[in-house]
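Thanks for making time this morning. I would like to go through the side-chain contacts of one structure with you, so please keep the view open while I talk.

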Amino acid sequence: MIRDLIQLARPGHWIKNVVVFMPIVFGLSMTRPQAWVQAGITAVAFCLVSAFAYIINDVKDRKSDRQHPQKKLRPVACGKVGVAAAIIEAVALLAAGVCLASTVSVVLLLIVMLYVMLQLSYTLYFKQKALIDVICIALGFVLRTASGAVAIKVEISPWLFICMFTLCLFMGFCKRYSEVVTIPDKAVARNHRPTLIQYTPELLTHLITLSAGIAIIAFLLYGLSERTIAQFGTSYFIYTLPLVVYAVFRFAMLSMKGAYAEPTELILRDRPFQLTIVLWALLMLVFISYSKNIELWIQNLY
């Protein structure tokens with residue numbers, strides 16, 4: 001029973017909350033121990049409240065999940081955890097997450113509550129609305145990242161919103177495509193998620209292409225903006241473009257093949273994708289920390 005309750009909280013999906021730590025890097029706060037502590041508390045708070053949202057979603061969708069080849073194994077859908085026990089766990093996790101967020105700041109608490117309301121709205125209503133459903137998912141990631149900036153008291157950059165929102169739109173549409181491929185039967189798809197009938201493979205291909213292009217261009221504009229160059233003293237970020245392009249394209253390729261049921265599964269299991277992300281992160285850290293030394297070294301080569 002304990003194992004099923006843990007599974008119900010989807011700890012494998014908590015990796016999504018790593019975006020909370022992004023403002024530490026891009027806010028030049030890596031040498032501030034207190035920033036890591038505050039961001040860590042924030043990440044745990046989001047793990048707890050996101051688990052609440054997952055459980056409420058599983059309770060509401062328990063009947064339709066039984067029509068899905070993978071989701072039918074979820075604890076509530078398969079009957080291992082009762083509805084009452086699931087709701088009690090969800091409320092306990094929500095209370096713990098809210099209390100934890102309140103120890104950081106009132107503003108963070110407000111963002112966490114806004115995130116909870118967004119997730120409840122998504123589960124109860126917007127999940128049934130094509131396009132809006134994916135927009136809600138993307139906004140959830142924006143709130144996670146913004147919470148990291150609030151927690152460590154750095155400015156929430158407009159680029160944070162633009163890059164995170166467009167990237168998560170892309171990933172959301174990839175997930176929908178994967179679901180369409182996984183459930184080709186329209187009757188089953190309608191029972192599982194009504195919006196899948198509106199998401200045709202042709203439409204999703206266009207949406208994936210468009211959102212991927214916007215996300216990549218947004219990254220380039222961020223790397224070349226005067227604000228970024230002034231903040232970090234370098235425009236070297238754009239030289240990680242090949243890695244960004246490969247990661248985006250591989251994510252799209254595997255999702256459209258239906259190789260993984262969830263984006264989280266792809267991130268946790270696909271070694272080439274993981275290696276690309278690690279290399280990109282390392283290069284970004286090097287450019288942020290040693291850009292001036294790199295420029296001097298290059299100048300000495302001439």
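Predicted model: local features only at pLDDT ≥ 70, side-chain atom pairs only at ≥ 80, totals over all residues.

Let me begin with a question: are R74 and D58 buried or exposed? Both R74 and D58 are buried, where buried means under 20% relative accessible area, exposed means over 50%, and partly exposed covers what lies in between, with a 1.4 Å probe and protein chains only. Residues are numbered from 1 along each chain as its sequence is written, and side-chain values use heavy atoms, with hydrogens and water left out.

Now to the charged pairs. R74 and D58 form a salt bridge through their side chains, with N to O at 3.2 Å, the criterion being a side-chain nitrogen of Lys or Arg within 4 Å of a carboxyl oxygen of Asp or Glu. Because R74 lies in the loop between α4 (62-65) and α5 (83-102) and D58 in helix α3 (residues 33-60), the pair ties together parts that are 16 residues apart in sequence. Helices here are DSSP runs (H or I, at least four residues), as strands are (E, at least two), numbered from the N terminus. The count comes to eleven salt bridges.

Another of these joins R250 to D270, whose closest N and O atoms are 2.6 Å apart. Since R250 lies in helix α12 (residues 241-257) and D270 in the loop between α13 (263-269) and α14 (271-301), this pair ties together parts that are 20 residues apart in sequence. Both R250 and D270 are buried. There is also one network, in which salt bridges that share partners join R10, D58, R74, K175 and E262.

Let me turn to helix α8. Its 25 residues reach 36 Å from the first C-alpha to the last, close to the 36 Å expected at 1.5 Å a residue, where the expected span is 1.5 Å times one less than the number of residues. Helix α8 is mostly covered, with 18 of its 25 residues buried. Within α8 (residues 158-182), R176 and E179 are three residues apart, that is, separated by about one helical turn, and their side chains meet in a salt bridge at 3.2 Å, N to O. R176 is buried, as is E179.

What about the aromatic residues? A search of the whole structure finds 15 aromatic pairs, meaning rings of Phe, Tyr and Trp (its six-membered ring) with centres within 6.5 Å, counted as stacked with planes under 30 degrees apart, edge-to-face over 60 and tilted for the rest. Y125 and F126 have ring centres 5.2 Å apart and planes at 70°, so this pair is edge-to-face. Y125 is partly exposed at 48% relative accessibility, and F126 is partly exposed at 27%. The rings of F173 and Y199, with centres 6.4 Å apart and planes at 70°, are edge-to-face. That pair links distant parts of the chain, 26 residues apart, with F173 in helix α8 and Y199 in the loop between α9 (186-192) and α10 (201-224). Both F173 and Y199 are buried. Finally, F26, W159, Y222, F232 and F237 form one aromatic cluster.
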